[in-house]
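Subject: Structure handover

Hello,

Here is the structure for you to look over. My notes follow below it.

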Amino acid sequence: METYEKWTEMSTEELLDLYSKTKELSVKQAIVLRYTGLIKSIALQMRNVYISFSQIDDILNEGVIVLMNAIDKYDSSKNAKFETYISKRIKGMIIDLARKQDWVPRSVRKRVKDVEEAISELHNREGKYPSEEEVAEYLNISIEKYHDIMKKEVLFNVLSLDIVLAEKQDSYSSYQMPRGDEVEQPEKVFLRKEISQILVEGIHKLKEKEQLVVSLYYVEELNMKQIAEVLEVSEPRVSQIHSNAIKKLKKYMETAS
């Protein structure tokens, strides 16, 4: 009990430093306990990605394994903030599981397609972009159901791009000869820069509004409602611009050599 209380009084940085020096299991367990909540939070945020092929308890168990491995590999002098580091690792684990499965249920694909067709039909008929209420009424669904579909569309498009980026990283890496610690391999750094450069080139090929939405969403971290206020358009219009941008980036990344 005294040992546990001692660990709780220490900061995460102090615990990580202590573990890197002593490799004491009790220190590692103390760190793991601090971040089980983060694992659950990420698992809940991304549940739509794996709900068709896995249970949340399985994801939580996998997340703990990822966390324990991350603690061993984390180097504060070379890596980002620990929370950011493990968040990316856990999300990467879920993405890796997703790309091995048909992770978007057919029913969801159909609903997203129905929304896209409804928006296109109403736009052609009225000569303006329809409101959320108009689209929901056209599809004979509640506004809450419409919001749920749009959230899934944004998530699936973003994760689809993430999967393409991960696959491209894998395909590039397969041509490299493994050598020593990854952080010491200059070819790894080069490949990450090359993939990032391709992504930047793809963004530059987007329309001006698409570039702006991507920037506001991923760089400024505004939500769809806030972006809609900035652009003075409706929220569903922002969602459509965002989806079109991500689809174009995904296609560009797939075809870029």
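Start at Tyr-35. Tyr-35 is buried, with a relative accessible area of 5%. Buried means under 20% relative accessible area, exposed means over 50%, and partly exposed lies in between (1.4 Å probe, protein chains only).

Two notes on the source. This is a predicted model, in which local features need pLDDT of at least 70, side-chain atom pairs count only at pLDDT 80 or more, and totals for chains, interfaces and linings use all residues. Residues are numbered from 1 along each chain as its sequence is written, and side-chain values use heavy atoms, with hydrogens and water left out.

Aromatic pairs

The count is 3 aromatic pairs. Rings of Phe, Tyr and Trp (its six-membered ring) pair if their centres lie within 6.5 Å; planes under 30 degrees apart are stacked, over 60 edge-to-face, and the rest tilted. Tyr-35 sits in helix H3 and Phe-82 in helix H6 (residues 82-98), so the pair ties together parts 47 residues apart in sequence. Phe-82 is buried too, at 3% relative accessible area. Tyr-74 also pairs edge-to-face with Phe-82, at 5.0 Å centre to centre and 80° between the planes. Tyr-74 is buried, as is Phe-82. Ring pairs link Tyr-35, Tyr-74, Phe-82 and Tyr-85 into a cluster.

Overall fold

The protein has 13 helices and 0 strands. Helices (H or I, at least four residues) and strands (E, at least two) are DSSP runs, numbered from the N terminus. Of the 257 residues, 37% are buried. Take the contacts with a separation of 6 or more: residues 24 or more positions apart account for 60% of them. Contact here means heavy atoms within 4.5 Å. The accessible surface comes to about 15,600 Å², and carbon and sulfur atoms hold 50% of it. Those areas come from the Shrake-Rupley method with a 1.4 Å probe; for residues, only the protein chains shown count as cover.

Salt bridges

Side chains of opposite charge can pair when their charged atoms come close. The count is 7 salt bridges. The rule asks for a side-chain nitrogen of Lys or Arg within 4 Å of a carboxyl oxygen of Asp or Glu.

- Asp-17 and Lys-21 meet at 3.1 Å, N to O. They are 4 residues apart in helix H2 (residues 12-22), about one helical turn. Asp-17 is partly exposed at 38%, and Lys-21 is exposed at 63%.
- Asp-114 and Lys-110 meet at 3.0 Å, N to O. Both lie in helix H7 (residues 106-126), 4 residues apart, about one turn. Asp-114 is partly exposed at 25%, and Lys-110 is exposed at 53%.
- Lys-128 bridges to Glu-134, with the closest N and O atoms 3.7 Å apart. Lys-128 is partly exposed at 43%, and Glu-134 is partly exposed at 33%.

Backbone

Most residues other than glycine have a negative phi. Which loop holds Lys-23? Lys-23 is in the loop between H2 and helix H3 (25-45). Its phi is positive, near 60°, and the residue is not a glycine. Lys-23 is partly exposed, at 46% relative accessibility. Asn-140 also has a positive phi, of about 60°, although it is not a glycine. Asn-140 lies in the loop between helix H8 (132-139) and helix H9 (143-173). Asn-140 is exposed, at 71% relative accessibility.

Best wishes
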